[in-house]
Every structure is written in C-alpha cells, then in structure tokens.
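Here are my notes after a look through the model, as a few numbered points. Have the viewer open while you read.

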Amino acid sequence: MTSTDATAAGPGRAGVWNLPNVLTMLRIALVPFFVWFLIADAPGLQSEAGPWRWAAAAAFAVAIYTDKLDGDIARSRNLVTDFGKIADPIADKLLIGSALVMLSVLGELPWWVTVVILVREWGITALRFFVIRYGVIPASRGGKLKTVVQTAAIFLYLLPLAAIMPWLSWAAFAVMMVAVLITVWTGVEYVVEAMRLRSKGKLQGTANGQEPA
C-alpha cells in the first residue's frame, strides 16, 4: 500500500509495513543490544562507568527518539494502525522494563521501584489484550507523560557521571519517584477506561442479541 492509499484509507487502515511500525520494531530490536552494553560494562555486575556504559546510554537515547519519531510520522501521514497502537507501548515496556531490571541487578535502583513499575506496565498491557474484543485502549496523555518522566529518570541513572557529579544520583532518584507516582495514577485511569470499554461492549452485544461475555 502506498502512502497515498494509506492516507485515503484513514486511521487504523494503513498497512502494517509502514515507516512508524518499522521504527517501532527497530526499537524492539535495540533492546538486546542495550542490555548487552550494560552487561559488558559491568563484569561481575560491578559497573565500571566505561565506554560500554556510554554506549548503553546512547542506545537508550536512540530508542527513545524512535518512539517520538514514529508517533510524529504516524500522525502527520495518517499512518496510525491498530498494530501500532498495540506494538508501540509493548516496545516501550520492553525497553523501559529491561533498563529498570538491569539497573536493579547492578544495585543502582531499588528493586521495589522496578517491581511497582513493571507490575503496572505489564498488568495494563494484559488488560489491553483482555478488552481488545471491545476496542483498543490508546495511550492517554497521562500515559505519555509517564513514559517521558520514566525515560528521563532512567537516562539520568544511565549517565556515568555520578562520580564527578554526586547530585546526579539524587536528581535521578527524585525524578524516578515522580515517575512511580504518575505510573500508579495512570494505571488506575487505564483500569477505569477498560471497565468502561468492557461495559459499553457488553451493552452493545446485548442490544445486538448476543450473549454477554
């Protein structure tokens, strides 16, 4: 399908193989390289803040940029697809989740922070699939803010500058605490939206003579 055809088809009808979706898949492909860079910098799980740590920070930054880029392109070229609505948040969760786990494994981030965020992230992803028969739950503004704050906090943690800038560790932790609060708050919002969507779907099914699920 050409870009002209995709535009004429309208949102959600563009072909899966378009530039935004390819960028999303590229972001997923970057995750194992990002993890390997962190491991390469930390023999014995002791971070050395060397060139591999800088490579990990750079890989994370590139991956996050593709997140912004694919969204901008999808909206400007009318290439928003249901695949993108599902794959994009999954790509974000893989990247952010791997970063949180690795930072906790390296002893730089408390495990409770990682557990709270991951339970929320994958819980909402499961919830999206659970209600997908009734409709797709797109990312909300709060969800997008959550992603921005999480990535900012992670990037501050990844920068190997704490030795010469001790305040950076405190700044990273403070931003991460804000991210945790927004993560929990938006998680509750998504649960409410999923319940509303499911109830609406059940009512429509009943009106059409179908048995409620």
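1. Let's start with E121: at a relative accessible area of 3%, E121 is buried (buried is under 20%, exposed over 50%, partly exposed in between, with a 1.4 Å probe and protein chains only). The side chains of E121 and K93 meet in a salt bridge, 3.4 Å from N to O (that is, a Lys or Arg side-chain nitrogen within 4 Å of a carboxyl oxygen of Asp or Glu). K93 sits in helix α4 and E121 in helix α5, so this pair ties together parts 28 residues apart in sequence. K93 counts as buried too, at 6% relative accessibility.

2. Before going on, the ground rules. This is a predicted model, where local features need pLDDT of at least 70 and side-chain atom pairs count only at pLDDT 80 or more, while totals for chains, interfaces and linings use all residues. Residues are numbered from 1 along each chain as its sequence is written, and side-chain values use heavy atoms, with hydrogens and water left out.

3. The structure holds 5 salt bridges. Another one of them joins the side chains of D92 and R27 at 3.2 Å, N to O. It links distant parts of the chain, with D92 in helix α4 and R27 in helix α2, 65 residues apart (helices are DSSP runs of H or I, at least four residues, and strands are E runs of at least two, numbered from the N terminus). D92 and R27 are buried.

4. Then there's R53 with E108, whose side chains meet at 2.7 Å, N to O, in a salt bridge. R53 is in helix α3 and E108 in the loop between α4 and α5, so the pair ties together parts 55 residues apart in sequence. R53 counts as buried at 2% relative accessibility, whereas E108, at 25%, counts as partly exposed.

5. On to the core. The largest nonpolar core has 31 residues, and F34, F60, L100, L109, I154, L158 and M176 touch the most other members (a core is a set of buried Ala, Val, Leu, Ile, Met, Phe, Trp, Tyr and Cys residues joined through side-chain atoms within 4.5 Å). Elements giving two or more residues to this core include α2 (19-41) and α7 (167-207).

6. Leaving out residues up to four places away in sequence, L100 touches L109, T114, I117, L118, I154 and M176 (contact means heavy atoms within 4.5 Å). L118 lies in helix α5.
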